[in-house]
Amino acid sequence: MQKKHYYIKTFGCQMNVYDSERIAAILQNMGFAPASSQAQADIVIFNTCHIREKAAEKVFSDLGRAELIKQERALDGKDTIIGITGCVVQAEDEQIAKRAPYVDFATGPLTYHRLPEIITKVLRKKSAGTIIDTEFPAESKFDYLPQANSSSGCAFLAIQEGCNNFCTYCVVPYTRGIETSRPVEEVIKEARNLISKGALEINLLGQNVNSYHGEDAGGKERGLAYLLNKLAELDGLKRLRYTTSYPADMDDELINCHRDIPILMPFLHLPVQAGSDKILKAMNRRHTAGDYLRIIEKLKKANPKIGMSSDFIVGFPGETDKDFQATLDIVNQVKFIQAFSFKYSRRAGTPAAVMPEQVEEKVKKERLETLQNLLFSYQSKFNDSCVGKTTSVLFESKGRHKGQLIGRTPYMQNLHVEAGKEFLNKIVDIKITGATTNSLSGILKGE
Ligand code: 5AD
Ligand code: SF4
């Protein structure tokens, strides 16, 4: 019998990238092989994101296209299974049944470990209509997911999921549920497996990763600082990162890790969202702009080389020009070396969606442009300051041009270099020769 193929398209955050890797491992264990294109795939899965309207809407247009490909394949006598996973399913299960009734299955982000049974049911054509599983299950999916069969040099490891912060704009607490942490030993076991399969860098993931509180072997609750110290002892691990953190959970013990753990990269993504205390309060954030600046000061003291990254939202309900100026002010103070910024997107079911003072689209657009220009200027300045220096780079993929590799510096900058593929998934010293806002170029040291 000919081998069946799968195709997974991932939207959204790094947690979704991790989930997609786990889904791929499930499918491989079921005998599927990766497809070279969507048209070759016997099973197509969209792993979706619901954080902003645009991301969620994109899924429905992709589903429409998938249905057309399915019909074309049917003319050649081939069956195609179409599935959706991720946060759109959790939030919009009824919409999926209405707008895309041809979808064979839909599972939320907490139930995809059940895919073997679900897909088997679909294959046996035992189900009429779409199988939808959006339960918040009692069991932890991590107890059922297969370990990775292989790893690239740079691996993700989910240690925590869900969020109890309930920022008033955010869907995550509703789609990923309340916070749960994986036990310490389980995380270490997964890390060991990743390292044995070739990982040199591990990026610990969680929606609120620094509120990690997993149990150790003796049943004692441990924080992220303890876990980082344990992982840093593992032979063969060269780089450690964690993302995404919440400012109020940046305790001193964790800050000290940036002083004491040499393999912890000198880069931290710590979203502040806005610079105005009035807006931060309306967002239900448990920190002020002043609190945030004090944390950065402590981090810089712990490791003077640390570079900061953040997320920003412009045009949150009630944001005035003065509030927006406070966001620009904090950018000028911290001088972020990287950042993501978004127009506020109204999400049904969240408190901010029904706040009265919604900001006009035109104003949001202008503010985003102003903020991004400022952020880019600091990012460019930092990248320019790297030229002439030598840095370690972990090469992750081939570049667009022949003979080119792309990797990441300790500061998460993309760097490309002319080099043979023997350097893929290795950490190499590179002399930085050029910089743009978004990337660096360099040459192998000694060339
Ligand atoms: N509108 C715009 N941006 C949002 N984010 C989360 N929810 C929304 C929303 N409703 C942003 C935040 C968060 C990042 C992952 O996405 O900045 O940190
Ligand atoms: Fe969403 Fe706030 Fe939780 Fe981040 S901390 S996932 S923005 S609710």
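## Exercise 1. Helices H8 and H10

The axes of helix H8 (residues 252–260) and H10 come within 7 Å and cross at roughly 35 degrees. The model is a predicted one.

**Task.** Determine the hand of the crossing of H8 and H10, and state which residues of H8 and H10 meet.

**Solution.** 

Step 1. H8 passes H10 in a right-handed crossing.

Step 2. On the H8 side, the residues are Asp-252, Ile-255, His-258 and Arg-259; they meet Ile-295, Lys-298, Leu-299 and Ala-302 of H10.

Step 3. By class, the contact of H8 with H10 comprises four nonpolar residues, one polar and three charged.

## Exercise 2. The setting of Ile-295

**Task.** Decide whether Ile-295 is buried or exposed, and list which residues Ile-295 touches.

**Solution.** 

Step 1. Ile-295 belongs to helix H10, which spans residues 289–302.

Step 2. The cut-off for a buried residue is under 20% relative accessible area. The relative accessibility of Ile-295 is 12%, so Ile-295 counts as buried.

Step 3. Leaving aside residues up to four places away in sequence, Ile-295 touches Pro-247, Met-250, Ile-255 and Leu-270.

Step 4. Pro-247 lies 48 residues from Ile-295 in sequence, yet their C-alpha atoms are 7.6 Å apart in space.

## Exercise 3. Two further helix pairs

**Task.** Describe the crossing of H2 and H3 and that of H6 and H7, and give the class of the residues in the contact of H2 with H3 and of H6 with H7.

**Solution.** 

Step 1. Helix H2 (residues 53–75) and helix H3 (residues 87–99) have axes that come within 12 Å and cross at roughly 35 degrees. Their crossing is right-handed.

Step 2. From H2, Ala-56, Glu-57, Val-59 and Phe-60 meet Val-88, Glu-92, Gln-95, Ile-96 and Arg-99 of H3. Five of the residues in this contact are nonpolar, one is polar and three are charged.

Step 3. For helix H6 (residues 184–196) and helix H7 (residues 224–232), the axes come within 11 Å, and the crossing angle is roughly 35 degrees. The crossing of H6 and H7 is right-handed.

Step 4. H6 contributes Val-184, Val-187, Ile-188 and Ala-191 to the contact, and H7 contributes Tyr-226, Leu-227, Lys-230 and Leu-231. Seven of these residues are nonpolar, none is polar and one is charged.

## Exercise 4. The buried face of H4

**Task.** Explain why the buried residues of H4 line one face of the helix, and state what covers them.

**Solution.** 

Step 1. In helix H4 (residues 115–123), the buried residues are Leu-115, Ile-118, Ile-119 and Val-122.

Step 2. Viewed down the axis of H4, these buried residues fall within an arc of 95 degrees, and therefore they line one face of the helix.

Step 3. In general, an α-helix has 3.6 residues a turn, so residues three or four places apart point the same way.

Step 4. The cover over the buried residues of H4 includes helix H1 (14–29) and strands E3 (43–48), E4 (81–86), E5 (105–107) and E6 (131–133).

## Exercise 5. The span and packing of H11

**Task.** Compare the reach of H11 with its expected value, and identify what its buried residues pack against.

**Solution.** 

Step 1. Helix H11 (residues 321–334) has 14 residues and reaches 20 Å from first C-alpha to last, close to the expected 20 Å.

Step 2. The buried residues of H11 include Phe-324, Leu-328 and Val-331. Helix H9 (277–282), H10, strand E15 (307–314) and helix H12 (361–386) are what the buried residues of H11 pack against.

Step 3. Just after H11, Lys-335 adopts a positive phi of about 55 degrees.

How values were computed: Residues numbered from 1 in each chain as written. Chains lettered and ligands numbered in written order. Predicted model: local features only at pLDDT ≥ 70, side-chain atom pairs only at ≥ 80, totals over all residues. Heavy atoms only, no water. Buried < 20%, exposed > 50% of the residue type's maximum accessible area, 1.4 Å probe, protein only. Helix = DSSP H or I, 4+ residues; strand = E, 2+ residues; numbered from the N terminus. Arc of directions from axis to C-beta. Contact = heavy atoms within 4.5 Å. Axes fitted to C-alpha atoms, helices over the stretch in contact; angles between N-to-C directions. Left-handed = near helix turned anticlockwise from the far one by under 90°. Nonpolar A, V, L, I, M, F, W, Y, C, P; charged D, E, K, R; others polar. Expected span 1.5 Å × (residues − 1).
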